[in-house]
Amino acid sequence: MLLVSYLSDRMQMVVQGNDISDVGCIQVGVPQGSVLGPLLFIISINDFAFNVPCSSIIYADDTTLYNSNKDYHELLRVEKQALDAALNWFKSNFLTVNEQKTEQIIFFRTLFLQGI
């Protein structure tokens with residue numbers, strides 16, 4: 001009951017200088033700046049790794065997906081599949097992805113660019 005009351009009926013407004021927004025009801029999310037915030041965030045993202053078909057690392061609000069494959073075209077295919085699954089998970093959990101900060105990086109252990 002304590003946890004339910006902690007997460008329900010929350011309101012927020014934004015104050016910037018002399019400007020104050022209207023008060024809005026918060027229906028999803030974890031309270032930021034609270035003692036329980038980090039624990040609740042970890043609990044809320046706990047199933048991410050089970051919903052993407054690749055390895056992943058999550059640190060604070062950064063997520064990294066790892067894929068490997070000897071075939072470049074197959075790597076691109078499985079990478080797209082993993083990214084699509086991650087984006088679906090984020091959307092289902094009311095999280096957004098900042099596409100301007102999203103990067104795709106491909107590393108090669110050896111130079112095998114022939115045929116790409």
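Student: Where does Asp9 lie?
Tutor: This is a predicted model: local features need pLDDT of at least 70, side-chain atom pairs count only at pLDDT 80 or more, and totals for chains, interfaces and linings use all residues. Residues are numbered from 1 along each chain as its sequence is written, and side-chain values use heavy atoms, with hydrogens and water left out. Helices (H or I, at least four residues) and strands (E, at least two) are DSSP runs, numbered from the N terminus. Asp9 lies in the loop between α1 (2–7) and β1.

Student: Is Asp9 buried or exposed?
Tutor: Relative accessible area decides: buried means under 20%, exposed over 50%, partly exposed in between (1.4 Å probe, protein chains only). The value for Asp9 is 72%. Therefore Asp9 counts as exposed.

Student: What is the phi of Asp9?
Tutor: Most residues other than glycine have a negative phi. Asp9 is not a glycine, yet its phi is positive, at about 55 degrees.

Student: Which segment holds Phe94, a residue with positive phi?
Tutor: Phi of Phe94 is near 60 degrees, and Phe94 is not a glycine. Its relative accessibility is 62%, so Phe94 counts as exposed. Phe94 is found in the segment after α3.

Student: In what order do the elements of the chain run?
Tutor: The chain has 3 helices and 6 strands. Read from the N terminus on, the order is α-β-β-β-β-α-β-β-α.

Student: Why is the chain called more spread out than a compact globule?
Tutor: The globule rule is 2.2 Å times the number of residues to the power 0.38, and the radius of gyration is taken over C-alpha atoms. For 116 residues the rule gives 13 Å. The chain is more spread out because its radius of gyration is well over that, at 19 Å.

Student: What box do the C-alpha atoms fill?
Tutor: The box is taken along the principal axes. Its sides are roughly 60 × 35 × 20 Å.

Student: What share of the residues of the chain counts as buried?
Tutor: The chain has 116 residues. The buried share of them is 15%.

Student: Which residues does Arg10 contact, leaving aside its neighbours within four places in sequence?
Tutor: Arg10 has its place in strand β1 (residues 10–12). Contact means heavy atoms within 4.5 Å. By that rule Arg10 touches Gly24, Cys25, Ile26, Val28, Gly29, Val30 and Pro31.

Student: How far from Arg10 is the nearest side chain of opposite charge?
Tutor: Lys and Arg count as positive, Asp and Glu as negative; His and the chain ends are not counted. A salt bridge needs a side-chain nitrogen of Lys or Arg within 4 Å of a carboxyl oxygen of Asp or Glu. Arg10 is buried and has no salt bridge. The nearest side chain of opposite charge, Asp9, lies at a distance of 9.0 Å.

Student: How many salt bridges are there by this rule?
Tutor: Side chains of opposite charge can pair when their charged atoms come close. Among the pairs is Arg77 with Glu74. The count comes to 2.

Student: How far apart are the closest N and O atoms of Arg77 and Glu74?
Tutor: Both residues lie in helix α3, 3 residues apart, about one turn of the helix. Arg77 is partly exposed at 45%, and Glu74 is partly exposed at 27%. Their closest N and O atoms are separated by 2.6 Å.

Student: Which residue forms a salt bridge with Asp84?
Tutor: Asp84 is partly exposed, with a relative accessible area of 32%. The closest N and O atoms are 2.8 Å apart, and the partner is Lys80.

Student: How far apart are the C-alpha atoms of Gln100 and Asp84?
Tutor: Gln100 lies in the segment after α3 (72–92). Gln100 is exposed, with a relative accessible area of 76%. Along the chain Gln100 and Asp84 are 16 residues apart, and their C-alpha atoms are separated by 17 Å.

Student: Which residues does Cys54 contact, leaving aside its neighbours within four places in sequence?
Tutor: Cys54 lies in the loop between α2 (37–45) and β5 (55–59). Cys54 is buried, with a relative accessible area of 15%. Its C-alpha atom is 8.4 Å from that of Glu79, 25 residues away along the chain. The contacts of Cys54 are Leu65, Tyr66, Asn67 and Ala82.
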